[in-house]
Amino acid sequence: MEVGGHSDRIMPTYEFRCKACGAEFTKILTMAERSAGDISCPKCESMEVDQVFSGISVKTDKKTW
Ligand SMILES: [Zn+2]
């Protein structure tokens, strides 16, 4: 079932930073993958990663800072 006529495929990307090696990386996660929390660093494969909340591109007219 389609909702509306404007079907952009929004890819939710999430930024992470590895606690082990400090690498920052972006992943495209589905809701299921995200809730599973099964995220590992592409560099060192550590599961010790922090999600980085920065620059979430929400369309807005006002500046937040
Ligand atoms: Zn790492």
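In the predicted model, K19 is exposed, its relative accessible area being 52%. The side chain of K19 forms a salt bridge with that of D50, with an N to O distance of 3.7 Å. Because K19 is located in the loop between β1 and β2 whereas D50 belongs to strand β3, this pair ties together parts of the chain that are 31 residues apart in sequence. D50 itself is partly exposed, at a relative accessible area of 38%.

A search of the whole structure identifies 2 salt bridges. Besides the K19 and D50 pair, a salt bridge is formed between R17 and E24, whose closest N and O atoms are separated by 3.1 Å. R17 is partly exposed, with a relative accessible area of 37%, while E24 counts as exposed at 52% relative accessibility.

The zinc ion is coordinated by the SG atoms of C18, C21, C41 and C44, which lie 2.3 to 2.4 Å from the metal. The angles subtended by the 4 donor atoms range from 106 to 118°, and the arrangement is therefore tetrahedral. Along the sequence, the donor residues follow the spacing C-x2-C-x19-C-x2-C. With regard to accessibility, C41 is buried, with a relative accessible area of 1%, whereas C21 is partly exposed, with a value of 39%.

How values were computed:
Residues numbered from 1 in each chain as written. Predicted model: local features only at pLDDT ≥ 70, side-chain atom pairs only at ≥ 80, totals over all residues. Heavy atoms only, no water. Donors = N, O, S within 2.8 Å, 3.2 Å for Na, K, Ca; no water. Tetrahedral: all angles 85-135°; square planar, octahedral: opposite > 155°, others 65-115°. Buried < 20%, exposed > 50% of the residue type's maximum accessible area, 1.4 Å probe, protein only. Salt bridge = Lys/Arg side-chain N within 4 Å of Asp/Glu carboxyl O. Helix = DSSP H or I, 4+ residues; strand = E, 2+ residues; numbered from the N terminus.
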